[in-house]
Structures are given as C-alpha cells and as structure tokens.
Amino acid sequence: MRFQRTEIAEGIGFSSIIDEKFKTTSIAVRFIVPLSSETSAANALGMAALTTTSKAYPTPALLNEKLSALYGAGLTSFARKRGDLQVLGVSASWICDRYAIDGEDISGEMLSIVRGCLFEPDAENGRFSDEPFAITKTDLLDRIEAELNNKRGYALAKAAENAFRGEPAANSCYGNKETASAVTPEIAFSAYENILRTAQVEITIVSPEEIPGAEADFRRELSAIDRSPVPVVFRSKSPIKAEPETLSEEMDVNQCKMVMTMKSDSDDIYAMRMLSVILGELPVSKLFLNVREKLSLCYYCASGYSATKGALIIDSGVQRSNIGKAREEILRQIQLVCDGEISDQELESALLSREDILASVGDTPASWSSWYFERLCEGGISAPEDVLLDYKAVTKARIVEAARSLKLDSVWLMLDKEVG
Amino acid sequence: MMSEISNITSRQTGDSCVHVKHSSGLDIYICEMPGFSSTVALFGTKYGSVNTMFRQRDDEEMTVVPEGIAHFLEHKLFENEDCKVFELYAKTGASGNAFTSFDKTVYLFKCSKNWQDSLRILLDFVQKPYFTQELVDKEMGIIGQEIRMTNDDPSWRVLFNMLSCMYRSHPVKIDIAGTEESISKITAELLYKCYDTFYNLNNMVLSVAGNITAEQVLKICDELLIPCQDKGLETVFPEEPDEIIQPEIREAQPIGAQLFYYGFKCRDCSGEERLRKTLAASTAASLITDDASEMYQDLLKKHIINTTFDAEVFCGDGFFTVIFMCESDYPEEVRSAVLAEIERWKTEGIDEKAFQRIKKSTYGSLIRELNNVDAVANLMLSSHMDGVSPYDAIDMLSELTSQDVLRFAEEELREDRAVLSIIEKEGEKQ
C-alpha cells in the first residue's frame, strides 16, 4: 500500500491510497463545517442535491441510468456528525477497468461524473432545479421521520440531544422536520456555495493503480473557487451537568432502552478507549459478563467512547422492572475499575482486540479512506502500527485514572407503557 | 478414506478457491487472498429455524422439535464444560460470533492475528457440545429478551407478518428465535438430539478466506476434525400449497415512517435450478425497482415511493419469494404499479437495453463481492449449502436472457399469490 497526501490548496487535502489487492476504486470528498441547528438541514440538502442530478445529467433517471451502465457504480452524498462538526460529502465507487466487459473507461467516466456533480450542479440563477430538489427534500424529510423505526438508534440520538443540550453536538446532522421543511432550492444552493467556500476539504482516492490526472483535475476545479476556509475545532469536550438528569419517553414497545452518558475531562484518549473496551465493547467485557450474562438484566449492554466530546455512552436494552438494578450494576462495574479491579487478562484481551482491529484496517477501500480521515481529525497522519504503540503504552493505572474522571451526566429512557 | 482436493476457478474473473472433501466427512472451502490482513472462518451446519421435522436413516419416526430450537442451540454451544468460548477468543484477539438463519447456523470468527489458534478454537468448540438443564433454563430469559427486542423492529415484523399470510404450513413463517412459549419446551435432551442429528460433519461446511494458506488450514483440520459417519439425514417439510392464505395484513407500531413488504409466493426448487431462478427473479425485481425507469421516477415524483424502494429474492429449502419493500404511505398504489409493470411486460416484452444494463450492474456487484474477505467466506459457504459452486452465479449470469426473466415473471409473479404486509403508524390505523 502506498499513501500520499498533498495539500493542494489552503484547507484542501488530496490523499491517494494505492493498494493493488483491490478490484474497485473509490473516492470520498469530505467537507468539514461547524454543526449548527440553523444550517445543518440546508447543508445536508445542498449536498444531497449534488448526487440527484447534475448539469450533464439533468434528471435522476439519466444519472441513474449512466451509473448502472457503468456496472452498477455507486454514487452517494452523505452528512454525518462528528462531535460539534458536520462532515458532508460525496462518495463513489466502481469496479476497475480491467473487469469491464466492453472495455469502458469506468474510472475516467466516474471521476468526471463526480467532478460534474460537485462543481457543475444542476442549478441556475442561484437555485437548484425545482423538480429534482423537491425529490431530494422529500427523501430527507422521510429519513428524519423514519428515525423512530430504529429504536436503539433513536434512543442514542435522544440521549445525545439531552447530554449535549446547548452545544452543536445536540443537533442532528440532517436537521429536524421544521428546519428541513424550511429549506428552499435557493437556501440549499447558497449552503452548497458556502460549503465550497469555507469548508475544510479532504479528498481521498483508494485504488489498485495510479489514476493519472485525478489530483490535477480537482486542483484545477477547486482553484476556480474564491475560498476563505473557516478553521474547525475537532475536539470540544462537553461540560458536565451540575446534577445528573434523567429524561424519559413512553411508547408502546416490548423492550425498554436505557442510555447513560458519562463525561470526562481527561485528555488521555487511548486510556479512555481501552476503558471502554474493558467495560463494554467485547463479549468478555465487564458489562456483558455481569449485567447481561451473570445477572440477566439486559439483552445488550455496550459502551462507546466519543473522544470528540469526552463522553462515554452506555446503552442497553432492558425490561422496565430491571432499569434501576441495571443502572446500579453498570455504575458498580465502573466503580470497580476506579478501585483498580482490572485483571491482566482483561487488559490483554482489550489490547489484543485493538491490535486485531488495527491490523485489519486496509482490508476494504472504505476502511483505508476513513482511517486516514479520522487520523487527520485527531491531529496528524499516522499508520495503524503507530496507533498500536499508543495503545500498548496504556497502563492499568492510566485506565483507573480515566475511569475516575468519569461522572454521570444524564440518563435517557425509552419506557414501555405500563399496564393498569 | 483420503481427502479429495480440487480447485474451482471462475471462467469470468479468474478468481479461484480450493474445495476439499475431507476424510472426516466435512466439506471445506479455502480462498487464499494475498494482500489482505484479515482471516474469516465460518463453520456452519445446514440447520436453521425451518428444520423442525427430521429423521435419520435408522429412525422409525419423524422427530418434531419446538420452534426456535436451532437458534437456542447456537446460543448454548458457546458454553463449554469448563469455560465460555468468548474467553478463549479473547486470548487470540479474534472477534467471534454466530448466527442462525432460516436454513443454516454458522459459527465464525474474524481476525488479523493468530488465525491458526482461533481456527483451533472454532473447530474444537463446535464439536464439543455441553448442555445441562440448568444452563438451558438460564438462557430462556436472555432469548426471551431477544424475542421482545425483535418484536419492536418494524422491518422484522413486516417480514413475518407477510410470511404468515403467505405460507400455510412451511415453518419459514415462524420467527427464527421462536416464541417465549415455544422455547419454554426446550430441554437439554432435545438440544443433544438436534445436535447429534445436524452437527454431523457430513451436513456441515467450513469456509476460510483471507490471509491463510490452504496447507495450513488443512493441517489444523486433520488434527481436530473428528470423523463422522453419514447417518442419512432427512429433513421434511409439511406439504405447502401454491396458494397464499390472505392477500393483506396490517399491524400498528410506534414508528415514524410507515413501511410495507409486497411479496410474491413462487414455487421453490433447489441446486442449480434455484440459482438460475434466483438470477431471473432478482433481475426482474431490479428492472421493476430500476431507479432509471419511467415507472420509478413517476412514483418518486408523486411521492408514492421514496429512495428506500427496493426488492430482494428470499429463498431456501421449500420457500421462494420475491419481495418489494419501501417506506411509503401508499402501499396499495405501489402494488398496483408493480402489477401494471408486469402486465406491460407480457404485452410489450422487456426492454432489452434496460435488461443488459441491469445485467451489467449485477455483474459489478458480484465483482465487488470478491473484493472483500467476509463476502468471499460467506459466498463459499452459502453456495455449498445451496448445492452450487461459488462462482456459478457470475458464470450463469452471462447466459441469462431477457426471455428467461419474462418467463419467470409470467409464471411466478402472480397477483393471486402476492401478499401486502404493512406496518402502520400507531394511531393511524385504517
């Protein structure tokens, strides 16, 4: 594998990852902007409109027909939340030219389509074309409505809303029904222009072979834009509430959900991540073994650490009658770590699991792409083997310290409707 | 008996893997994938939730077992006599897991280091059951929680509601995990009965892909596989008529977006015939859900569908359905549009240009599958269980014609054998 990153303009990185084992090529163009309730829906729609139609393919049917003729090439836009930031973008992937039955230049055509979507959108006089935009907007509104269909995901989103209240991270990366409804083709186009002008941009291509001219083409397109990039802050720890808060929502469900958000002011992110693995990321983690297996209190009980917000989130699927006991046991397991109760085996298992995951980075084009993007967000380019050294340096004492820094911030509950 | 080794190569792509009929009775597939760091190993038995009635050559009578027992057995096999399997994987760093589907149970691990130790763990624990009534009773609560959780999942409910209206007798209509009532009848003795019947190596397959060599895999297999005698397993399904039970079903749930499945009950088949039929069925479904088509764009503009409109072919032993699905407030209109499109094909035929384009798109997705260690391991295992070779799909696709697709649609996509299943928003029942 060969990795190379070039800063092709202020605030614009172009990374090329050449890995000969792959049969596909993929590209991700990521725009990083501050997340805000005022702009998140417009930004998401401004980006989604780009992959619905373009100047060259002015109807969705034409664009989709071209993509399927190119052996089902994928082209999509995305909007994600990363702490207090919104990461928006366009990504595409396609099979390599050597598999083209009719000898098509798939890579050349796809790169041209991606550039066309990004820099020559289907817009005139400062607004996206009405009909395709209406489809894009309806689709986003449907997606917002459908969030409740996934109960675990809904519970996590509501918990974040409560835990990070007053901070950008409380917002959804798509906005909400009201803000998305208010976005017009003009507002979305203006958001798109603003993104091109102000965002930090990372372009990543993962391919089995060099694609001559790809970097130069993007450099040329981007140099035509009058940019003034706005610096972004990748980590912004969330302040802890004075007293832990519990909020709940009642609905007609069979299984209740409990999401506990703990916050920490620790900067030792590797110790925090190891703590999360020891607590609740493996089938031998403390929460799985004790809360689920030993006490049968939850069907699932898992943890995850958000370095961007300094928060450890524990989510569980639990019966209503067990909520109190489960909460108590989760806190007791954290207290045990604070008291130094981490066995050598737990530490070794956590490290082995990290080592295994790091060694498999690069087995898919998407994992290479997101690996280097995430490292840039964390402050610099580093290979998986460098990060492994950081994990290896974590001691039991550092994990205990990390656990002691945690404080319960809030609890969000999805409750079933009590009978009688 | 000696092991028999053969190479399987795709005519279309040149990709290849090794098939071994091991002297123990086990079928083994190995795909060396140079340059990849991970290894994925799947050890599976052709035993899923639909196998509730069976006998072996020497049995006089059929054995009928409670619904959900295959899934229950999968949970319990993770506990050895002296420790839990996850504790063993924790020492190698591998990520171990298992799943039970309608027609298979698979134990697996994924790792980038120590794959040989992890393979030893996998082969060892799957061959060493340890069930006690106490452990069985303890598991009831956890699986009961799992059943409750899946009942809150609208995409799960919409499928099973559809199947319950489609299949009169076939156990595919039963939830994979069973019900809290059915699993209460499971005993340690019944688990051993099922284990002894279905976990015979002659009924199982091992699939290993990634950063490995065939030689090393076979060396470990030679060490650990305990030869099994083929006991002539016979699985039986109750007779299933071609007709459906009822054409529509609705359920209300606390959801944000209404969703539906519209499925056609088709006649089942097996082996290469099933693969050919699956390719014809999935091409028909892709043509109907083709986002470049006039029908799709028209429905999208009218907001009768959104971009979640999709289709899948769902088939296995004794069942074959083509399902259209979408989050939509207008399922009846989508049903009408799908049926009208099929009728149009009957008079106008299938657009050859669109057919060739969809075929290319399917070819692209099959190539992508070969780019991924997990997908390759799954492909080898599933193909064997379906009675075909791993690269048959990509080779058979090149022979598929629009006439094959039209014939399939005419014969199988029948309005009188279709079921519409809708999960409505609570409080908005019609």
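Modeller: Start with Ser369(A). Setting aside residues up to four places away in sequence, Ser369(A) touches Ile17(A), Ala28(A), Arg30(A), Thr204(A) and Val206(A). Keep in mind that this is a predicted model. Ser369(A) sits in helix H13 of chain A, which covers residues 365-377. Is Ser369(A) buried or exposed? Its relative accessible area is 6%. The cut-off for buried is under 20%, so Ser369(A) counts as buried.

Now move to Tyr71(A). This residue lies in a loop of chain A, between helix H2 (60-69) and strand S4 (74-82). Tyr71(A) is buried too, with a relative accessible area of 0%. Which residues does Tyr71(A) contact, leaving aside neighbours within four places in sequence? From chain A come Ile95(A), Ala100(A), Ile101(A), Asp102(A), Glu104(A) and Ile106(A). From chain B come Lys360(B), Ser361(B), Tyr363(B) and Gly364(B). So the contacts of Tyr71(A) involve both chains. Now look along the chain. Leu148(A) is 77 residues from Tyr71(A) in sequence, and their C-alpha atoms are separated by 34 Å.

Chain A as a whole comes next. It has 15 helices and 13 strands. Of its 420 residues, 60% count as buried. Take the contacts in chain A with a separation of 6 or more: residues 24 or more positions apart account for 81% of them. Chain A exposes about 16,600 Å², and carbon and sulfur atoms supply 51% of that. It carries 46 positive and 63 negative charges, whose mean positions are 4 Å apart.

Next, the interior. In soluble globular proteins, nonpolar side chains tend to be buried together. Here the largest nonpolar core has 188 residues. Those with the most contacts inside this core are Ile27(A), Ile203(A), Phe218(A), Phe264(B) and Phe324(B). Helix H9 of chain A (residues 269-280) gives the largest share of the core, 9 residues. A second, separate core has 58 residues, including Val20(B), Val85(B), Ala177(B) and Ile186(B).

Phe324(B) deserves a stop. Not counting residues up to four places away in sequence, its partners include Phe260(B), Tyr261(B), Tyr262(B), Phe264(B) and Phe309(B). Asp310(B), Ala311(B) and Val338(B) are also among them.

Stay in chain B for Asp103(B). This residue lies in the loop between strand S7 (95-100) and strand S8 (105-111). Asp103(B) is buried, with a relative accessible area of 12%.

Finish with chain B overall. There are 15 helices and 15 strands. For 430 residues, a compact globule would have a radius of gyration near 22 Å, and the 23 Å of chain B agrees. The C-alpha box is roughly 60 × 50 × 45 Å along the principal axes. Buried residues make up 60% of the chain. The accessible surface of chain B is about 17,000 Å², with 46% belonging to carbon and sulfur atoms. Its 43 positive and 73 negative charges have mean positions 2 Å apart.

Terms used:
Residues are numbered from 1 along each chain as its sequence is written. Chains are lettered from A and ligands numbered from 1 in the order in which they are written. This is a predicted model: local features need pLDDT of at least 70, side-chain atom pairs count only at pLDDT 80 or more; totals for chains, interfaces and linings use all residues. Side-chain values use heavy atoms; hydrogens and water are left out. Helices (H or I, at least four residues) and strands (E, at least two) are DSSP runs, numbered from the N terminus. Buried means under 20% relative accessible area, exposed over 50%, partly exposed in between (1.4 Å probe, protein chains only). Contact means heavy atoms within 4.5 Å. Accessible areas come from the Shrake-Rupley method with a 1.4 Å probe; for residues, only the protein chains shown count as cover. Lys and Arg count as positive and Asp and Glu as negative; His and the chain ends are not counted. The place of a charge is taken as NZ of Lys, CZ of Arg, CG of Asp or CD of Glu. A nonpolar core is a set of buried Ala, Val, Leu, Ile, Met, Phe, Trp, Tyr and Cys residues joined through side-chain atoms within 4.5 Å. The radius of gyration is taken over C-alpha atoms; the globule rule is 2.2 Å times the number of residues to the power 0.38.
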